[in-house]
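Good morning, and thank you for coming.

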Amino acid sequence: MDLVHPAVNGYLQNLAAVDDEPVLLEMEQHAEENDFPIVGRLCGRVLELLARSIGARRIFEMGSGYGYSAYWFSRATGEEGEIHLTDTDAGNERKARDFLSRAGLDAPIDYHVAPAFEAFEETSGDFDIVYCDIDKDGYPEAWERAKGRIRVGGLFICDNMLWFGRVTGAPDAPADIKEGYTEAIAATNRAITDDPSYRSIIIPLRDGLIVALRIS
Ligand SMILES: C[S@@+](CC[C@H](N)C(=O)[O-])C[C@H]1O[C@@H](n2cnc3c(N)ncnc32)[C@H](O)[C@@H]1O
């Protein structure tokens with residue numbers, strides 16, 4: 001299910017071509033060729049914009065792949081940032097280091113090859129942003145763990161919150177790729193939206209990006 005009309009998406013992508021640069025294009029081509037689910041150019045620009053808008057310095061990513069989302073966060077924090085990346089696949093760390101160093105964006109990166117929750121518990125302190133993009137059955141727990149460790153004025157951001165329309169229950173939504181994923185995402189959307197300490201909205205770009213601002 002296309003969340004954005006293809007013509008509108010094309011228009012937005014054309015505008016976003018302003019960010020074309022060789023390493024970014026290489027990262028996007030790598031996703032295309034390997035069918036790897038990166039957050040994409042438009043949501044990437046949203047990540048950078050959000051991080052810049054709150055002056056984010058300390059960021060924790062749950063599920064980083066080869067560093068595409070981190071590319072955008074690093075643009076926002078600059079070298080003074082502290083961006084924790086997590087993934088269980090050591091090959092992704094190698095690729096991330098290669099891409100991000102060639103882009104000149106590796107200075108703030110601290111890559112943990114480990115399950116996201118384990119690395120999160122081992123990394124002390126609160127964060128300006130926690131970004132979640134792990135396997136979808138982990139979303140409710142990611143929110144539970146993260147929500148108390150984001151500073152007031154900080155953000156919880158999570159990708160795939162519309163799950164290509166599956167959360168709507170619409171008859172033309174695709175079948176789930178794994179039992180329980182849709183329910184886990186829908187429960188997380190409900191929990192975030194109902195939390196009085198956060199104000200949130202799902203931006204219906206690509207696969208839906210929830211942005212939740214901690215207000216108390
Ligand atoms: C959707 S991809 C990440 C894409 C990345 N955030 C981006 O936009 O480019 C999800 C990644 O998370 C990793 N992953 C999934 N569940 C995880 C978990 N519980 N802990 C750590 N990594 C996990 C997978 O190995 C995969 O590389």
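I shall speak about the ligand shell, the nonpolar core, a few individual residues, and some helices and strands.

Please note that this is a predicted model, in which local features need pLDDT of at least 70 and side-chain atom pairs count only at pLDDT 80 or more, while totals for chains, interfaces and linings use all residues. Residues are numbered from 1 along each chain as its sequence is written.

Let me start with the ligand. There are 19 residues around the ligand, and Val-39, Gly-63, Gly-65, Tyr-68 and Ala-116 come nearest; a residue is near a molecule if its C-beta atom, placed from the backbone, lies within 6 Å of it. By class, this shell holds 7 nonpolar, 8 polar and 4 charged residues. Here Ala, Val, Leu, Ile, Met, Phe, Trp, Tyr, Cys and Pro count as nonpolar, Asp, Glu, Lys and Arg as charged, and the others, Gly among them, as polar. Helix H4, residues 68-77, and strand E2, residues 82-87, each supply at least two residues of the shell. Helices (H or I, at least four residues) and strands (E, at least two) are DSSP runs, numbered from the N terminus.

Is strand E2 largely enclosed or largely open? Strand E2 is largely enclosed by the rest of the structure, because 5 of its 6 residues are buried. A residue is buried if 20 or more other C-beta atoms, placed from the backbone, lie within 10 Å of its own, exposed if 12 or fewer, and partly exposed in between. Strand E1, residues 58-62, pairs with E2 in the parallel sense over 3 bridges; two strands pair if DSSP finds at least two bridges between them. Within this pairing, Ile-59 has Ile-83 of E2 as its bridge partner.

Ile-59 also leads us to the core. The largest nonpolar core has 55 residues, and Ile-59, Ile-129, Val-130, Phe-156 and Ile-157 have the most contacts inside it. Helix H4 gives the most to this core, with 6 residues. Such a core is a set of buried Ala, Val, Leu, Ile, Met, Phe, Trp, Tyr and Cys residues joined through C-beta atoms within 7 Å.

Next, consider Phe-127, which lies in strand E4, residues 127-132. Phe-127 counts as buried because it has 24 C-beta neighbours inside 10 Å. Leaving aside neighbours within four places in sequence, Phe-127 is in contact with Arg-58, Ile-59, Phe-60, Arg-149, Ile-150 and Gly-154; contact requires C-beta atoms, placed from the backbone, within 7 Å.

I turn now to helix H3, residues 41-53. Its 13 residues reach 18 Å from first C-alpha to last, close to the 18 Å expected at 1.5 Å a residue, where the expected span is 1.5 Å times one less than the number of residues. Among the buried residues of H3 are Arg-41, Leu-47 and Glu-48. Just after H3, Gly-55 takes a positive phi of about 60°.

Finally, which residues other than glycine have a positive phi? Asn-160 has one of about 70°, and Trp-163 has one near 50°. Most residues other than glycine have a negative phi. Asn-160 is found in the loop between strand E5, residues 150-158, and helix H8, residues 181-194; Trp-163 is in the loop between E5 and H8 as well. Asn-160 is buried, with 22 other C-beta atoms within 10 Å, and Trp-163 is buried, also with 22.

Technical notes
Two residues are in contact if their C-beta atoms, placed from the backbone, lie within 7 Å.
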